[in-house]
Amino acid sequence: MARPRTQGGTTAGATCGSRGSRGATAGAARALRAARRGAGAQRGVTLIETAVATLVTALLAGALAGAAEVVLAVDREARRAAEVGELGLGLLAEIAALPFADPQTGSGALGPDGGEWPAAQTRALFDDVDDYTVGDGTRVLQQKDGTPIDLRRYRRVVTVIYLDSQDPVSPSAGETDYKLITVTVLEGAEVAGVFRTVRVRGGRDVDYAG
Ligand SMILES: [Ca+2]
């Protein structure tokens with residue numbers, strides 16, 4: 001008895017279906033491997049991109065921090081220059097407003113005259129340019145009336161010397177008609193600024209040419 005075609009067809013069809021299933025499985029496996037490779041490549045790109053982005057961010061942050069440091073340093077230097085100028089030129093102007101020699105004694109000796117440097121150590125009684133050889137060199141800065149100046153990291157030292165009348169850039173051991181007044185502003189042990197003028201007896205201050 002011959003097998004019904006349908007049965008044989010069904011069997012053949014089942015056989016073909018099994019082969020097709022294996023083919024489909026293999027194809028799916030290839031697709032999966034490809035997908036995995038793709039995913040791996042994608043992960044690689046993502047990691048590289050992340051690393052580059054991190055590096056760029058770090059570089060930008062470093063550049064910004066560096067720029068901020070520069071701005072702060074410039075700002076500090078500008079503020080320091082303003083403070084030093086104010087302290088030096090301010091004291092030089094205070095000195096320049098006074099006479100060449102003591103108005104009471106006319107003494108040629110350099111330094112404060114009798115009683116002008118009291119125990120309270122203020123400049124309130126200074127009345128000629130060379131009284132200032134004592135002052136803010138070893139203590140908190142003060143205004144002339146003794147009011148403290150809130151710039152405690154600075155000190156001011158004033159020197160007054162006679163200059164040779166014939167050669168007013170050279171020091172003179174004796175009394176002459178020229179006094180070189182130098183205000184040095186110190187920040188710690190560092191010289192932060194030097195300000196000079198020359199007072200001529202009976203005349204106006206002139207710039208020191210030395
Ligand atoms: Ca005096």
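Visitor: Which residue in β4 does Val185 stand opposite?
Guide: Gly193. A strand here is a DSSP run of E, at least two residues, numbered from the N terminus. This is a predicted model, where local features need pLDDT of at least 70 and side-chain atom pairs count only at pLDDT 80 or more, while totals for chains, interfaces and linings use all residues. Residues are numbered from 1 along each chain as its sequence is written.

Visitor: How many bridges join β3 and β4?
Guide: Ten, in the antiparallel sense. β3 covers residues 178-187, and β4 covers residues 190-200. Two strands count as paired if DSSP finds at least two bridges between them.

Visitor: What sits in the hairpin of β3 and β4?
Guide: Two residues lie between the strands. Gly188 takes a positive phi there, near 65°.

Visitor: And the hairpin of β4 and β5, what's in that one?
Guide: Four residues between the strands, with Gly202 at a positive phi near 75°. Two bridges join β4 to β5, again antiparallel. Arg199 has Asp205 in β5 as its bridge partner.

Visitor: Zoom out. What's the strand order in the sheet?
Guide: β2-β1-β3-β4-β5, an open sheet with antiparallel pairing. The edges are β2 (171-172) and β5 (205-206), each pairing on one side only.

Visitor: What holds paired strands together in general?
Guide: Backbone hydrogen bonds, in either parallel or antiparallel pairing.

Visitor: Back to β2. How many bridges join it to β1?
Guide: Two, and the strands run antiparallel. β1 spans residues 154-163. Tyr162 stands opposite Ser172 in β2.

Visitor: How much of the chain is buried?
Guide: 18% of the 210 residues. Buried means 20 or more other C-beta atoms within 10 Å of the residue's own, with C-beta atoms placed from the backbone.

Visitor: New topic. What's the mean pLDDT?
Guide: 84, and 82% of residues reach 70 or more. pLDDT is the predictor's confidence in each residue, from 0 to 100.

Visitor: Where does pLDDT stay under 50?
Guide: Over residues 1-17. The model has one contact beyond four places in sequence for that stretch. A contact means two C-beta atoms, placed from the backbone, within 7 Å.

Definitions and conventions: A residue is buried if 20 or more other C-beta atoms lie within 10 Å of its own, exposed if 12 or fewer, and partly exposed in between; C-beta atoms are placed from the backbone.
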